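Thanks for coming. I will go through a handful of local features and then stop for discussion.

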There are 2 protein chains.
Amino acid sequence: MIRTKGVTGPKGFKAAGVAAGIKDSGALDLALVVNEGPGDAAAGVFTTNQVKAAPVLWSQQVLKERRLAAVVLNSGGANACTGPEGFQDTHATAEKVAEVLGRGAVEVAVCSTGLIGERLPMDNLKAGVEVAAKELADTDEAGLNAATAVMTTDTHPKQSWAQHPDGWSIGGFVKGAGMLAPNLATMLSVITTDAVLDGDALDAALREATARTFDRLDVDGGTSTNDTVLLLASGASGTAPERGDFVELLTAVAADLVKQLQGDAEGVTKEISITVTGAASDADALVIGRTVAEDNLVKTALFGSDPNWGRIAMAVGRAQARVDPDKLGITINGVALFANGRKAADRSEADLSERDIAVVIDLNLGDGGATVLTTDLSHGYVEENSAYSS
Amino acid sequence: MIRTKGVTGPKGFKAAGVAAGIKDSGALDLALVVNEGPGDAAAGVFTTNQVKAAPVLWSQQVLKERRLAAVVLNSGGANACTGPEGFQDTHATAEKVAEVLGRGAVEVAVCSTGLIGERLPMDNLKAGVEVAAKELADTDEAGLNAATAVMTTDTHPKQSWAQHPDGWSIGGFVKGAGMLAPNLATMLSVITTDAVLDGDALDAALREATARTFDRLDVDGGTSTNDTVLLLASGASGTAPERGDFVELLTAVAADLVKQLQGDAEGVTKEISITVTGAASDADALVIGRTVAEDNLVKTALFGSDPNWGRIAMAVGRAQARVDPDKLGITINGVALFANGRKAADRSEADLSERDIAVVIDLNLGDGGATVLTTDLSHGYVEENSAYSS
């Protein structure tokens, strides 16, 4: 994985990131990613939240054709809970992009992120689209500007790019930081490839890759109103990959983006993996992993470097999944602290002073397994989410 | 409600609270509540967590007869995840109480609270039972000592007592502070009455009262391994109440205990009520109320006195219940900030500087409703749960 390249890594893509004045700070806040072809296949996955932002409703609609010419993204406002007027703003944004690119609005996806409930400054946004269109380039710098323009409370831009030996490649960027939860972490991500694939193949590959990556990060349970992952294929490499090869590389790039989301989550001081094994089913393992990942008592204990397996046992027991307390085992950073329903070692034997913490929960019931990534609950998280509206 | 009386308020009950040396601090850590009759009807409700502490397994078993002579409670250790040996410790505790009172062990319920996973110091505990038996009294002071002996991170003992005009009364104590969640807040509570009721009537009344009180407090989603509410009836008033009158007064006493739990939750700076109206069903309303109550982004915003209704809308939308975003309304402290799917007032119009915050979520879908009590997520919560094992 190379993190200095992103959406402009694959051939056939141009990008730009500009300061359109949507954010008061004057920071970059508008990104444009354009697929110059020859292909235009695309796919998307979206938040499961019932309260969906206007750009999600729009992009879901246009993605039904599985074709995209461009994606326009803004930070500085989520355009969620803004009623029919907010939807009209999204539509007008797509129309503006279509106009400057000479394409149709139904070929343009829209993504927004920021505070919920406020209308976007449309004059600034439309003027920004014109500037961005002029700055479009296929350079690393242009891709990095796009990745930077979508940041909210993120502390740095997040990109990943990887090339297959056959010559085609996959690259992307992601923004995250807060409201990170199951069923797509709270984030926007655009991933591009120059491989030759049709829309149906892209869609299947994207669902398979996100189920094992974006859907397995859970920072605070807050599935947002705006979560979107888009995948665009230019076909510019001229190579049609094997399905398995493509899914594998796409999953690797997505996993690298998710790892960067975890490492830059709000207030994070610990990067925690919760691995559940021996569950009655994979679904049970995932439910248990998420319940533990969202448990504030577990998350505060790990912030304090305290291998408090009792709190983990409590969280496992309250999960809506099959659990036999007498068979349960909990291992933290390689030390089996709890086994077969009773204490197996003193908690002082597990050293949690480092940033990475690995929790393994063995249910000893079957073959089901899952790994969920999460972070600790720190003073930084509370500070960041109480002192500022976001 | 009178908070200076508790389990010894009703006639026919004696109590004691002693320092048995279970806690290293030397604080009171063992409580005994004895029903001197003439009746011995009793009922209990217990945690829904699949990982149940030994005293829960024991007390569930003995309560099948719906008769109790006494309850023994300890702080300083939850006796959870302690295997068959832990269960033997609970059994031995009940046997010891039975011995000193001249009753049978199956008439003695046991409750424990404290750190999960450690065995109890049984020599200290048994010696403490002997001391407690000698100190049993029907005074307010004895009841207060019992209420004090069950405290863990609680900052003060919590009692409530109320008398019906017909002469019978209901009193109780509760401990809470952390791991407070649906399906019985994490806590132990003993409630006594001198009304004349049989075990079945007590059981039905207790389930009805707890469903509307203890089950509606959700501080951190952490349904513990030890949650227990016990109700004992001495019949010493000689009066058999109307069923409706009894449930009403029991609910009032339980609600007063729950209010005290909320006010003394770990790190609390805001006492928040989440009222959901217009839901498709009461069950939907409860699911939405709990999802909002457990949402860290909502809880940190309220800690910061920020009426961030966008985060509330996000939490409502991710609840497993029917929601129509275009009909949704959110009112905070009397100010309608969001109505019919769009912003209705600037958030600066809602003043959240006081300790009490009332959130009303109107779904405009039906007649379902529920109120869930919760607290904010503060630096104090993080500090208390990261700096100490509990």
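Predicted model: local features only at pLDDT ≥ 70, side-chain atom pairs only at ≥ 80, totals over all residues.

Helices and strands here are DSSP runs, a helix having at least four residues and a strand at least two, numbered from the N terminus.

Phi of Asn364(B) is near 55 degrees, which is positive, and the residue is not a glycine. Is Asn364(B) buried, exposed or partly exposed? Its relative accessible area is 42%, so Asn364(B) counts as partly exposed. Asn340(A) sits in the loop between strand 12 (335-339) and strand 13 of chain A. Its relative accessible area is 53%, and exposed means over 50%, so Asn340(A) is exposed.

Now the sheet in chain A. Six strands form an open sheet with mixed pairing, in the order 13-12-11-14-10-15. Strand 13 (342-343) and strand 15 (368-375) of chain A are the edges, each pairing on one side only. Helix 7 (residues 282-293) of chain A packs on this sheet and touches strand 10 (271-279), strand 14 and strand 15 of chain A. The direction of helix 7 makes about 20 degrees with that of strand 15 of chain A. Within the sheet, strand 11 (residues 329-332) and strand 14 (residues 356-362) of chain A run antiparallel and are joined by 4 bridges. Gly329(A) has Asp362(A) of strand 14 opposite it.

Next, a helix pair. Helix 5 (residues 199-211) and helix 6 (residues 243-263) of chain A pack at about 45 degrees, their axes 9 Å apart. That angle makes helix 5 of chain A oblique to helix 6 of chain A. The crossing of these two helices of chain A is right-handed. On the helix 5 side the contact includes Leu202(A) and Leu206(A), and on the helix 6 side Phe246(A) and Leu250(A) are among the residues. The contact residues of the two helices divide into 8 nonpolar, 1 polar and 2 charged.

Two cis peptide bonds to check on screen. One joins Gly37(A) and Pro38(A), with omega about 20 degrees. The other joins Gly37(B) and Pro38(B), also with omega about 20 degrees. Pro38(B) is in the loop between strand 2 (30-35) and strand 3 (41-46) of chain B.

Last, Asn296(A), in helix 8 (residues 296-303) of chain A. What does Asn296(A) touch, leaving out residues up to four places away in sequence? The contacts are Leu377(A), Asp220(B), Asn296(B), Leu377(B) and Tyr381(B). Asn296(A) is buried, at 4% relative accessible area.

Conventions:
Residues numbered from 1 in each chain as written. Chains lettered and ligands numbered in written order. Heavy atoms only, no water. Buried < 20%, exposed > 50% of the residue type's maximum accessible area, 1.4 Å probe, protein only. Contact = heavy atoms within 4.5 Å. Pairing = 2+ DSSP bridges. Axes fitted to C-alpha atoms, helices over the stretch in contact; angles between N-to-C directions. Parallel < 35°, antiparallel > 145°, perpendicular 65-115°, else oblique. Left-handed = near helix turned anticlockwise from the far one by under 90°. Nonpolar A, V, L, I, M, F, W, Y, C, P; charged D, E, K, R; others polar.
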